[in-house]
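Please keep the structure open while reading them.

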Amino acid sequence: MFVIIIFALLLGYSNARGLTVSFKYAIDSFAPQAPQLVWQIEAADPCQSITLSYPNDLKNACYITRVKNEAIKSQLSLPYTKRGCYQLKPIKIASNYPFGLVSVWSYIQPNKVVYVYPSIIKTTNQKHQNLVSNNTDEGTEKHKGDDEFESLITHLPEMGLQRISWKHYAKTQQLLVKQFSDFKSADAQFDFNLVTGDTEQRLGQLCFLVCQAFESDINYSLKLPNNLIASNSGKLHHQRCLQALSLVGNDNE
């Protein structure tokens, strides 16, 4: 039995030698879905029976039967389903090869936090819904400007001669001026105090509006208790707003 254990120790060490496990990125989630960690695993020689696990969460452990010469990617689910921000704990990389008699392991500590955003709840607040719909192509606001010809108006002395439509003057003997318009979207503001329900319901509705505004590619700001995110658009602004929503009144670690 002693010889078998020594042999298993040698095989276990040989199996794990040269194994490289790299943390790539985290995938944040919307409650009650769990966030994911994406890993890249590679080995100089074939390696078998690799397990990635999070502390006290064997249920969601990631098991890799065999790692060959090419790198593979694997996802590890985390045990967080409640809205909040969580600092990652050390992840255990282990192998029980061969026979399960011995275990070879190591730990990796990603310097990263993961977010669980609020559950998305469709809002019934008509004012907020209009803020998004009024900024689509059908709801753009019209301003005087220089972008697009709109109409002809009667010339006034203070207007100068630059925009007189001489073509129309030749036909009608009237001094008419070309008026131009540009079309700009009014910035939307999503306000915690303007949605109804308890805290989680309000955050869920704001989460819905933020996602809808992001998909519509419009500018929007977000007003939360003790936090105001200025108007902007784009992916980074969207992520910043979702992270702020996940942190409202929440001290999870």
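1. Start with Q205. Q205 sits in helix α4, residues 199-216. Helices (H or I, at least four residues) and strands (E, at least two) are DSSP runs, numbered from the N terminus. Q205 is buried, at a relative accessible area of 6%. Buried means under 20% relative accessible area, exposed over 50%, and partly exposed in between (1.4 Å probe, protein chains only).

2. Leaving aside residues up to four places away in sequence, Q205 touches I121, K122, T123, T124, V195 and T196. Contact here means heavy atoms within 4.5 Å.

3. A word on the basis. The model is predicted, local features need pLDDT of at least 70, and side-chain atom pairs count only at pLDDT 80 or more, while totals for chains, interfaces and linings use all residues. Residues are numbered from 1 along each chain as its sequence is written, and side-chain values use heavy atoms, with hydrogens and water left out.

4. Now the cores. The largest nonpolar core has 25 residues. Such a core is a set of buried Ala, Val, Leu, Ile, Met, Phe, Trp, Tyr and Cys residues joined through side-chain atoms within 4.5 Å. F190, L206, V210, L222, L224 and L245 have the most contacts inside it. Two or more residues each come from β10 (113-117), β13 (188-191), α4, β14 and α5 (235-247). The largest share, 8 residues, is from α4.

5. L224 touches F192, L203, L206, A244, L245 and V248, not counting residues up to four places away in sequence. A second, separate core has 23 residues, among them A43, C47, I64 and Y80.

6. Check the length of α5. Its 13 residues should span 18 Å at 1.5 Å a residue, and the end C-alpha atoms are 19 Å apart, which agrees. The expected span is 1.5 Å times one less than the number of residues. After α5 comes G249, with a positive phi near 60 degrees.

7. What covers the buried side of the account for α5? Its buried residues are H237, H238, C241, L242, A244, L245 and S246. Their cover includes β2, β7 (84-87), β10, α4, β14 and β15.

8. Next, an open sheet. Its 3 strands run in the order β2-β10-β7, with mixed pairing. Two strands pair if DSSP finds at least two bridges between them. β2 and β7 are at the edges with a single partner strand each, so one side of each has no neighbour in the sheet. β7 and β10 pair antiparallel over 4 bridges. G84 stands opposite V116 in β10.

9. α5 lies across β2, β7 and β10, at about 80 degrees to β10. Axes are lines fitted to C-alpha atoms, for helices over the stretch in contact, and angles run from 0 to 180 degrees between N-to-C directions.

10. Last, the backbone. The A31 to P32 peptide bond is cis, with omega near 5 degrees. P32 is in the loop between β2 (29-30) and β3 (36-43). D217 has a positive phi near 55 degrees, though not a glycine. D217 is exposed, at 59% relative accessible area.
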